[in-house]
Amino acid sequence: MSGQIEKFSYDNRISRMFLYATLLWGAVGLLVGVLIAFQLYIPALNFDLPYTTFGRLRPLHTNAVIFAFVGNAIFAGVYYSLQRLLKARMFNDMLSKLHFWGWQLIIVCAALTLFLGISTGKEYAELEWPIDIMVALVWVIFGVNMIGTMVKRREKHLYVAIWFYLATFVTVAILHIVNSFEIPVNLFKSYSWYAGVQDAMVQWWYGHNAVAFFLTTPFLGLMYYFVPKAANRPVYSYRLSIVHFWALIFIYIWAGPHHLLYSAVPDWAQTLGVVFSLMLIAPSWGGMINGLLTMRGAWDRVRNDAILKFFVVALTAYGMATFEGPMHSLKTVNAFTHFTDWIPAHVHIGTLGWNGMMIFAIFYWMAPRLTKNGKLFSMKLANTHFWIATLGMILWSVAMYWAGTAQGLMWKQWDANGLLQHSFIDTVIAIVPMYLVRAIGGTLYLLGFFIFIYNILKTLGSAQAVHEEEAEAPALVLNNENHSKLSGYLRHRILEKKPLALTFWAAVAILVGTLIEMVPTFLVKSNVPTIASVQPYTPLELEGRDIYIREGCNSCHSQLIRPFRTETERYGEYSKAGEFVYDHPFLWGSKRTGPDLAREGGLRDDAWHFRHMKRPNSIYDDAYDNPPSIMPAYPWLITDDLDVSNTPDKIRAMQTLGVPYAEGYDANAVGDLQEQAAGIANNIEQLLSGTGEDVVADEIKNKEIIALIAYLQRLGTDISKDTNN
Amino acid sequence: MKIIFIMIGISFIIALFFLVAFIWSVKTGQYDDTYSPSARILFDDKPNSTLDKN
């Protein structure tokens, strides 16, 4: 059944390009990571500049490492392995190039906009709508190129890795599109289409599956190619790989709600998420075991071969992370660990351990094979890198497990009188030393990364490049006998003859189906307030909220009080779904580096906030010798004028989304805004007069800080109006 | 809570897509042989190699 032998060549240049991009963005992403880690120990490292504060750099770090570092690495590995698995050159060189340069352009745009505070406020989906569209287009180019290669393949069997790549492409495309529905105010600003609880659910359905289909499935695919190659052993059980692929795919999509346990999301949805999360252990561990056992019989080589070492640690980290994940989904565990530093620890086992170490191993194996002499520059350096990276990862995560446990316990500690034992700032002071250990761990990992870059560049630079690798394989002849056996249906025949047309049409079907399903939400105003006293934000508060999003306050502050006595005692009445119906986007946050702000309104006076935002430690000066707050200072909010030129557009955008501002209110919005601002400014002037920090109301009334204070003072207050009435 | 049903709907569509893909893969004999693919990937397709000519 095999056809004529055909000669062709593999495109190595594209893998090499993605490889260089990985090195560059990896260094940038990790460097920013180390900086923000140190910022939590030494807040002065925020430099009192907008562009370098934690709230803006944290999204820059996550986007850079996930989409730039890991993304480029995935593409490098996929382009290398896909061609060889299918015995075919990539479908179209032009598409490969477009994919590469398009992706790099996206990264540059992303970095610039995040620096400038242009952000949607949704975690891991911070990029604004024009970039979202670019991402969708480039992703489709990648998919077309991949599927095109499958169509012209010379190997009938689709090796399991390819299924993982395919699942990655299809699912990420849909997740990205659904989560990115937003209404533009202008080129740089948009509001999420969904509000409050609904937005939260879409976001974490996306967020969870981004981990599943961007950080997991592509890497399992890569593992199934590169681990057997590096160990020179067939995969332990090919049958297991197939079973575990399908199980993983069918279970993963349902686990998203485990990010929203004890939130205002309906209970049954939470339970659904928990059940599927627990089930995930089986296929995840199936993959880990299969990977580790592939190295059976090669264990003696693990001692000297850094590549295999990296694989072993990567797979072990994968096993740990996928054990921990389902454990966190248990409500009792979640009640304790959620919002603490335990979560970053869990995440970094996955990223530093699984993704990072996989990338190192793959690149150490692949880079030499892109050259004539086929040898790694230095295995010794690779081993050094291995030990430094592993030590860095361990320091990082142990410190954060420690910090998370300590803070989690302290938050819940009662004293003998039945009152909370610790103020929030005490719990910060207690764990700050661990932040230093974490930063040192990160620095080590970064150091290892520089060794990695050096080694790879030396490998590539010291030998002649092989951009076109000659290969030959018999052409693929479809076996007709097989076809007629299957079924008599014409439809099936077509599918079989053009197996990959199936992929294409199914994807189209999904998109059409998605659109049809989405249309009703766009047409119907579904934001019926369930709590009568919950009102839309005033224009000033809305502008303040946008500043909150711009500065990324939600990377340190949650706005969601869970129904535990320890939380209601500390923060006030627990959060209700009906309170968030005008929140486009939702700002619940996922980490409490600072206290929850859901009921901040009215807790402090305007002047307190004014002083605190200007220099957070100003409010602790009297009580502490060492300034304990690790919140960045925001001096520019006090000097910069609030831009109200977009306020009417924002009101209109909100109206489109169903927020009930009166017809034609956009025309009055700026007037109302200025009136409310003048009130707050006067109040601050009075409160601060004679304290030595005097301000003049007229000078501060049109500053950004006033809008932010208006927003903070509004938070969580609507519901108490209800009880007063 | 309409969004829940929309998301479950979309998730179902994704699952359905993979179900179809799964049935296709089984029916077309992708999994008839669960050993040799794992060994085959270990060979390179260097010109003039005698391997892999079935």
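pLDDT is the predictor's confidence in each residue, on a scale from 0 to 100. The model shown here is predicted, and in chain B pLDDT stays under 50 over residues 49-54. For that stretch of chain B the model has 10 contacts beyond four places in sequence, a contact being a pair of heavy atoms within 4.5 Å. Across chain B the average pLDDT is 76, with 83% of the residues scoring at least 70.

Chain A has a mean pLDDT of 90, and 92% of its residues reach 70 or more. Residues 480-497 of chain A stay under 50, and the model has 14 contacts beyond four places in sequence for them. Residues 520-525 of chain A also stay under 50, with 7 such contacts. For the complex, the predictor gives an ipTM of 0.80 and a pTM of 0.91.

Now to the helices. In chain A, helix 24 (residues 666-688) packs against helix 26 (residues 704-714) at an angle of about 95°, and their axes are 10 Å apart. Angles of 65 to 115 degrees count as roughly perpendicular, so helix 24 of chain A is roughly perpendicular to helix 26 of chain A. On the side of helix 24, the contact is made by Gln676(A), Ala677(A), Ile680(A), Ala681(A) and Ile684(A). Helix 26 of chain A contributes Ile706(A), Ile709(A) and Ala710(A). Which classes of residue make up this contact of helix 24 with helix 26 of chain A? There are 7 nonpolar residues and 1 polar residue, and no charged ones.

How values were computed:
Residues are numbered from 1 along each chain as its sequence is written. Chains are lettered from A and ligands numbered from 1 in the order in which they are written. This is a predicted model: local features need pLDDT of at least 70, side-chain atom pairs count only at pLDDT 80 or more; totals for chains, interfaces and linings use all residues. Side-chain values use heavy atoms; hydrogens and water are left out. Axes are lines fitted to C-alpha atoms, for helices over the stretch in contact, and angles run from 0 to 180 degrees between N-to-C directions. Helices (H or I, at least four residues) and strands (E, at least two) are DSSP runs, numbered from the N terminus. Angles under 35 degrees count as roughly parallel, over 145 as roughly antiparallel, 65 to 115 as roughly perpendicular and the rest as oblique. Ala, Val, Leu, Ile, Met, Phe, Trp, Tyr, Cys and Pro count as nonpolar, Asp, Glu, Lys and Arg as charged, and the others, Gly among them, as polar.
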